[in-house]
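Subject: Structure handover

Hello,

Here is the structure I promised to pass on. Please open it first, then read my notes below with the model in view.

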Amino acid sequence: MSAGAATIQAIGPIQSRRFALNLIANVGYLGLSLAAGIFYVPFLVRHLGPAVYGLVPLISMVTSYMSLITVGLDSAVSRSLTIALERKDHEHANLIFNVAFWVNLALSALLVIPAAVAIAHADQILRIPLGYEAPTRWLFAGAVAAFLLNQIKAPFGVSAFCRNRLDLQNLVAAGETLTRIGLVVGLFCIVTPRIEYIGLAILAGTVVSTMGTIWLWRVLTPSLRISLGQFDWKMLRNLGSTGGWVIVSQLGVMLYYNIDLLIANRLFGPEQSGQYAAV
């Protein structure tokens with residue numbers, strides 16, 4: 001038997017096991033998400049009421065629109081970095097990774113300003129139940145902080161995808177979900193139901209997932225290093241041009257799937273939009 005044939009036979013079982021692990025992890029995380037949704041949404045509606053609960057998905061929707069600034073770059077990075085690592089071109093892979101990291105860090109810093117303005121004027125963007133203006137701002141602040149942290153960690157998350165370790169990626173995602181829901185349930189039951197705690201839990205879950213994602217990055221791709229000296233403007237232009245049309249496509253998806261919550265809130269008020277959001 002030739003060395004090439006022996007290598008293929010050795011790789012086959014490994015790929016089969018990896019596929020099985022990834023499939024089990026995907027199904028398991030899907031089950032967890034479904035179970036969490038079935039429990040979590042009625043729990044929040046029961047403790048907060050539909051009008052106040054409706055602010056939670058609404059603010060998440062508003063926050064998600066900020067991702068349009070980075071979605072094009074992130075999609076191009078995932079594809080290019082995977083190809084570079086598979087070719088074992090570590091120098092090129094480091095250029096891609098550092099461009100993604102430093103650009104995401106800079107954009108996240110720039111987004112702090114419009115995010116702060118949006119938080120301060122939340123009552124002008126959304127129709128908020130009377131007396132919940134300040135708590136809503138705290139919820140908004142927690143959601144925005146979590147979003148910005150997610151943007152910073154995005155380049156690190158490519159490692160699990162590149163190495164086909166979706167099982168570990170789903171494990172980190174499960175930790176985030178359990179932290180977010182567990183903290184809300186604990187605070188609601190031990191202290192008192194407050195919408196601010198949801199913003200705190202969203203941020204706490206993101207911190208957990210960020211720590212797990214960075215750990216996977218270090219273990220799975222030890223050749224990647226953070227270095228400002230490896231930032232390359234030509235690489236940034238190439239990645240930006242590749243992901244340009246992704247932004248247009250993602251904008252259409254967001255408007256198609258998410259704009260209904262905002263319209264319901266503005267036209268019918270928080271009570272009706274909260275009932276709609278729960279459904």
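Start with one definition: a residue is buried when its relative accessible area is under 20%, exposed when that area is over 50%, and partly exposed in between. Take Arg137 as a test case. Its relative accessibility is 26%, so Arg137 counts as partly exposed. Keep in mind throughout that this is a predicted model.

**Overall make-up**

The protein has 12 helices and 0 strands. Read from the N terminus, the elements run α-α-α-α-α-α-α-α-α-α-α-α. The protein has 279 residues, and 40% of them are buried.

**Salt bridges**

How many salt bridges does a search of the whole structure find? The search gives 3.

One of them joins the side chains of Arg137 and Asp123, at 3.4 Å from N to O. Arg137 sits in helix H7, while Asp123 sits in helix H6 (residues 122-125), so this pair ties together parts that are 14 residues apart in sequence.

Another salt bridge pairs the side chains of Asp167 and Arg165 (2.9 Å, N to O). Asp167 is at 12% relative accessibility, so Asp167 counts as buried.

Then look at Arg194 and Glu196. Their side chains form a salt bridge at 2.6 Å, N to O. Glu196 has 18%, so Glu196 is buried.

**Two packed helices**

Two packed helices are described by the angle between their axes and the distance between the axes.

Now move to Val172, in helix H8. Its relative accessible area is 15%, so Val172 is buried. Val172 and Gly205 are 33 residues apart along the chain, and their C-alpha atoms are separated by 10.0 Å.

**Two loop residues**

Where is Lys88? Lys88 lies in the loop between helix H4 (71-86) and helix H5 (90-120). Its phi is near 60 degrees, a positive value in a residue other than glycine. With a relative accessible area of 64%, Lys88 is exposed.

Asn164 also deserves a look. Asn164 is placed in the loop between H7 and helix H8 (166-190). Phi of Asn164 is near 60 degrees, again positive in a residue other than glycine. Asn164 is at 36% relative accessibility, so it counts as partly exposed.

Leu23 belongs to helix H1 (residues 3-48). Its relative accessibility is 44%, so Leu23 counts as partly exposed.

Best wishes

Terms used. Residues are numbered from 1 along each chain as its sequence is written. This is a predicted model: local features need pLDDT of at least 70, side-chain atom pairs count only at pLDDT 80 or more; totals for chains, interfaces and linings use all residues. Side-chain values use heavy atoms; hydrogens and water are left out. Helices (H or I, at least four residues) and strands (E, at least two) are DSSP runs, numbered from the N terminus. Buried means under 20% relative accessible area, exposed over 50%, partly exposed in between (1.4 Å probe, protein chains only). A salt bridge is a side-chain nitrogen of Lys or Arg within 4 Å of a carboxyl oxygen of Asp or Glu.
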